[in-house]
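Work through the following exercises with the sequence and the model side by side. Try each task before reading its solution.

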Amino acid sequence: MVTIFGINTCFDCLRCKQMCQALEIEYDYLDLSDGDSAQIFRNLFPEEGQVPQVLWQGEHIGGYSELKSKIDEYIINLDMEK
């Protein structure tokens with residue numbers, strides 16, 4: 001499960017969503033224009049001023065490039081299990 005914190009005008013935020021959709025990876029997208037999501041973001045990432053910020057199975061991994069790396073690992077592991 002992936003949780004993406006972002007805003008709809010952020011290119012990398014949209015790429016995170018599209019990557020999860022294309023690979024059918026379950027994800028939640030929390031738009032920071034929503035007050036509740038913004039508060040959760042500030043509580044979880046008080047030092048972060050950038051989006052996207054991504055949780056992979058509850059663990060903070062970073063932004064778009066870190067998500068891409070995790071997904072690459074995930075795909076390799078799936079292939080090895082076959």
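The exercises below go from strands to helices, then to cysteines and cores.

This is a predicted model, in which local features need pLDDT of at least 70, side-chain atom pairs count only at pLDDT 80 or more, and totals for chains, interfaces and linings use all residues. Residues are numbered from 1 along each chain as its sequence is written, and side-chain values use heavy atoms, with hydrogens and water left out.

**Exercise 1. Strand pairing**

Find out how strand 3 pairs with strand 1 and with strand 4.

Solution. 
- Step 1. Helices (H or I, at least four residues) and strands (E, at least two) are DSSP runs, numbered from the N terminus. Two strands pair if DSSP finds at least two bridges between them.
- Step 2. Between strand 1 (residues 2-6) and strand 3 there are 4 bridges, in the antiparallel sense. Within this pairing, valine 2 is opposite tryptophan 56 of strand 3.
- Step 3. Strand 3 also pairs with strand 4 (residues 59-62), again antiparallel, over 3 bridges. Here valine 54 has glycine 62 of strand 4 as its bridge partner.
- Step 4. The hairpin of strand 3 and strand 4 has 2 residues between the strands, and glutamine 57 takes a positive phi near 50° there.

**Exercise 2. Side chains of strand 3**

Which residues of strand 3 point one way, and which the other way?

Solution. 
- Step 1. Buried means under 20% relative accessible area, exposed over 50%, and partly exposed in between (1.4 Å probe, protein chains only).
- Step 2. In strand 3 (residues 53-56), Gln53 and Leu55 point one way, while Val54 and Trp56 point the other way.
- Step 3. All of these residues are buried.

**Exercise 3. Helix 1**

Check the length of helix 1 and find its buried face.

Solution. 
- Step 1. The expected span of a helix is 1.5 Å times one less than its number of residues. For the 12 residues of helix 1 (residues 11-22) this gives 16 Å, and the end C-alpha atoms are 16 Å apart, which agrees.
- Step 2. The buried residues of helix 1 are Cys13, Cys16, Lys17, Met19 and Cys20.
- Step 3. Seen down the axis, these buried residues fall within an arc of 160° (taken from the directions from the helix axis to the C-beta atoms), so they line one face of helix 1.
- Step 4. Phe11 and Ala22, on the other side of helix 1, are exposed.
- Step 5. The buried residues pack against strand 1, strand 2 (27-31), strand 3 and helix 3 (64-81).
- Step 6. After helix 1 comes glutamate 24, with a positive phi near 55°.

**Exercise 4. Helix 2**

Which residues of helix 2 are buried, and what covers them?

Solution. 
- Step 1. In helix 2 (residues 35-44), Ser37, Ala38 and Phe41 are buried.
- Step 2. Their arc around the axis is only 100°, so they are on the same side of helix 2.
- Step 3. Asp36 and Asn43 are exposed on the other side of helix 2.
- Step 4. The cover over the buried residues includes strand 1, strand 2 and strand 3.

**Exercise 5. Cysteines**

How many disulfides does the model have?

Solution. 
- Step 1. A disulfide is a covalent bond between the sulfur atoms of two cysteines. It is counted here as a pair of cysteine sulfur atoms within 2.5 Å.
- Step 2. For the sulfur of cysteine 16, the closest cysteine sulfur is that of cysteine 13, at 6.5 Å, which is too far for a bond.
- Step 3. The count by this rule is 0 disulfides.
- Step 4. Cysteine 13 is buried, at a relative accessible area of 0%. Cysteine 16 is also buried, with 0% relative accessibility.

**Exercise 6. Nonpolar cores**

Solution. 
- Step 1. A nonpolar core is a set of buried Ala, Val, Leu, Ile, Met, Phe, Trp, Tyr and Cys residues joined through side-chain atoms within 4.5 Å.
- Step 2. The largest core has 15 residues, of which Val2, Cys20, Leu67 and Ile71 touch the most other members.
- Step 3. Strand 1, helix 1, strand 3 and helix 3 each give two or more residues to this core. Helix 1 gives the largest share, 4 residues.
- Step 4. A second, separate core of 5 residues includes Phe5, Leu32, Phe45 and Leu55.
- Step 5. Phenylalanine 5 lies in strand 1 and is buried, at 1% relative accessible area. Leaving aside neighbours within four places in sequence, its contacts (heavy atoms within 4.5 Å) include Leu32, Phe45 and Leu55.
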